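This report covers the packing of a single protein chain and the overall dimensions of its fold. The sequence and structure come first.

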Amino acid sequence: MARILIVDDDDMERTLERKILEKLGHELLMAEDGAKALEIFHAEDIDVVVTDMVMPHIDGLSLIREIRRMNGHTEVVALSGVSRDELGLAHDLGAFETLCKPVDPEKLIEAVTNAVARSQGRGGGATAS
């Protein structure tokens, strides 16, 4: 089982993403912004971060930079309903996958499934069954 951190400042989006990803059977953690996400990231061994790009305090790009600086095995799936350019920057910073909002449930499941496999194949820590 993997640990997946969902980061989105919109309660409805965060809830929707959680409901979509619950089907995968992984442990899901939630954060309402990048600052809270980093608190959780420091405290837990996270395999995949699913993050919105536009958030208060610490935006998605800054969050990706910090995750990349701190950890080499965690994969990031970046989401944005605002800017495709921002998703391109997220990819350049090391996001495994980028998706436009509104999120297609099948694409989100596929992206997270592939990100979990890659993270755990590279030494992700939350692999106990």
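Helix 3 (residues 60–70) has Gly 60, Leu 61, Leu 63, Ile 64 and Ile 67 as buried residues, where buried means under 20% relative accessible area, exposed over 50% and partly exposed in between, with a 1.4 Å probe and protein chains only. Viewed along the axis of helix 3, the buried residues lie within an arc of 160 degrees, so they line one face of the helix; the arc is that of the directions from the helix axis to the C-beta atoms. The cover over these buried residues of helix 3 includes strand 1 (3–7), helix 2 (34–43), strand 3 (48–52), strand 4 (75–80) and helix 4 (84–92). Contact here means heavy atoms within 4.5 Å.

The model is predicted: local features need pLDDT of at least 70, side-chain atom pairs count only at pLDDT 80 or more, and totals for chains, interfaces and linings use all residues. Residues are numbered from 1 along each chain as its sequence is written, and side-chain values use heavy atoms, with hydrogens and water left out.

Helix 2 can be described in the same terms. Its buried residues lie within an arc of 165 degrees seen down the axis of helix 2, so they line one face of the helix. They pack against strand 1, strand 2 (27–31), strand 3 and helix 3. On the face of helix 2 turned away from the buried side are the exposed residues Glu 39, His 42 and Ala 43.

| Helix | Buried residues |
|---|---|
| Helix 2 (34–43) | Gly 34, Ala 37, Leu 38, Ile 40, Phe 41 |
| Helix 3 (60–70) | Gly 60, Leu 61, Leu 63, Ile 64, Ile 67 |

Strand 1 contains Leu 5, which counts as buried at 1% relative accessibility. Beyond neighbours within four places in sequence, Leu 5 is in contact with residues including Ala 37 and Ile 40, as well as Leu 29, Met 30, Val 48 and Val 50.

For the whole chain, there are five helices and five strands, helices (H or I, at least four residues) and strands (E, at least two) being DSSP runs numbered from the N terminus. Along the sequence the pattern is β-α-β-α-β-α-β-α-β-α. The radius of gyration of the protein chain is 13 Å, close to the 14 Å that the globule rule gives for 129 residues, so the chain is as compact as a globular protein of that length; the radius is taken over C-alpha atoms, and the rule is 2.2 Å times the number of residues to the power 0.38. Of the 129 residues, 43% count as buried.
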